[in-house]
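Here are a few short notes for a colleague opening this entry. Please keep the view at hand while reading.

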Amino acid sequence: HVDSFVQNIQFYPNVNGRMALLEVIEVLIYRLPSELLRDECKVIFMPLVTTLSTAPWEACREKAAKMIQSLALNAGLDVITPVVEAWARAAKLAASATPEDDEKEVGEGDQDVAATTVQVIALLIPTIPRMYGLTETPVEGVDGSEREAAIDAATEWCLPIIAEAIRVLKPLSKRRREKVMAAVKADRPLSSTAEATKSLFTFRCHQQALEDAWRGHFFGCRALEALCLLTPKYYAWAAAEDIQDCLLYTSPSPRDS
């Protein structure tokens, strides 16, 4: 049973055990018949996303990222996008069915969901050319109208999510960072070995908190960058949405998986 494999991913206490289980699931992604894989897609997808966003080991996060792309290629984007759109609504990045929910302020929990949403979108966008048998980039001197039409159809659902993520998460990320920095400044001076050890742990926690604070905005920028690599037309779209400045901020991140 597929679910018996994927549900145990988070319970392995070491990187080797978790990587071994991920490799078993990867084999299933490639070998299961297409129809069966589509039926089991959500069961596989959710634990992979959890691994991508929370695993403490970079190897596991990178493996999960590649497997999410493989899952999209083999099962089809159409079975994954409804899940991602639901996350976007939950994180206030897309209109919800309940108008009252849209009026609620985005909290830190919503920021975490939003960050994961755009992180997954940034992974899915580069799979589109292979999914539809297109060239990776436009070919000079070749009529690219069919390629453009296919890309438009495949990305239409995520454009408003990316734009909203970049607009909303940048100021929220800045505010969250300021809270972390205030906590750092509030630490007492070191006066003993015990306090030094405690402070080192606190420093590492603060470092992680700072990364988490900017994670959503960073992956919103990554998703925009992925769009622009598909076709230059998205530079104009980004300018029209007034989010083109985010293309300046897509330097590699230590948790960029």
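How much of the accessible surface of the protein chain belongs to carbon and sulfur atoms?

1. Surface. The answer is 56%, out of an accessible surface of about 13700 Å². Bear in mind that the model is predicted.

2. Overall fold. The protein chain has twelve helices and zero strands. It has 257 residues, and 42% of them count as buried. Take the contacts with a separation of 6 or more: residues 24 or more positions apart account for 74% of these.

3. Helix α12. This helix covers residues 233–240, and its buried residues are Y234, W237 and A238. Seen down the axis of α12, they fall within an arc of 100°, so they line one face of the helix. A236 and A240 are exposed on the other side. After α12 comes D242, with a positive phi near 60°.

4. Aromatic pairs. The whole structure holds three. In one of them, the ring centres of F218 and F219 are 5.2 Å apart with the planes at 85°, so the pair is edge-to-face. F218 and F219 are both buried. Y234 and W237 also form an edge-to-face pair, at 6.3 Å centre to centre and 90° between the planes.

5. Y234 and W237 in the helix. The two are three residues apart in α12, so about one helical turn separates them. Residues three or four places apart in an α-helix point the same way, because a turn takes 3.6 residues. Y234 counts as buried because its relative accessibility is 2%. W237 counts as buried at 16%.

6. A charge over a ring. K233 lies over the face of Y234, 5.9 Å from the ring centre.

Notes
Residues numbered from 1 in each chain as written. Predicted model: local features only at pLDDT ≥ 70, side-chain atom pairs only at ≥ 80, totals over all residues. Heavy atoms only, no water. Buried < 20%, exposed > 50% of the residue type's maximum accessible area, 1.4 Å probe, protein only. Helix = DSSP H or I, 4+ residues; strand = E, 2+ residues; numbered from the N terminus. Arc of directions from axis to C-beta. Contact = heavy atoms within 4.5 Å. Areas by Shrake-Rupley, 256 points an atom, 1.4 Å probe, with all protein chains shown as cover. Phe/Tyr/Trp six-rings, centres within 6.5 Å; stacked < 30°, edge-to-face > 60°. Lys NZ or Arg CZ within 6 Å of the ring centre and 35° of its normal.
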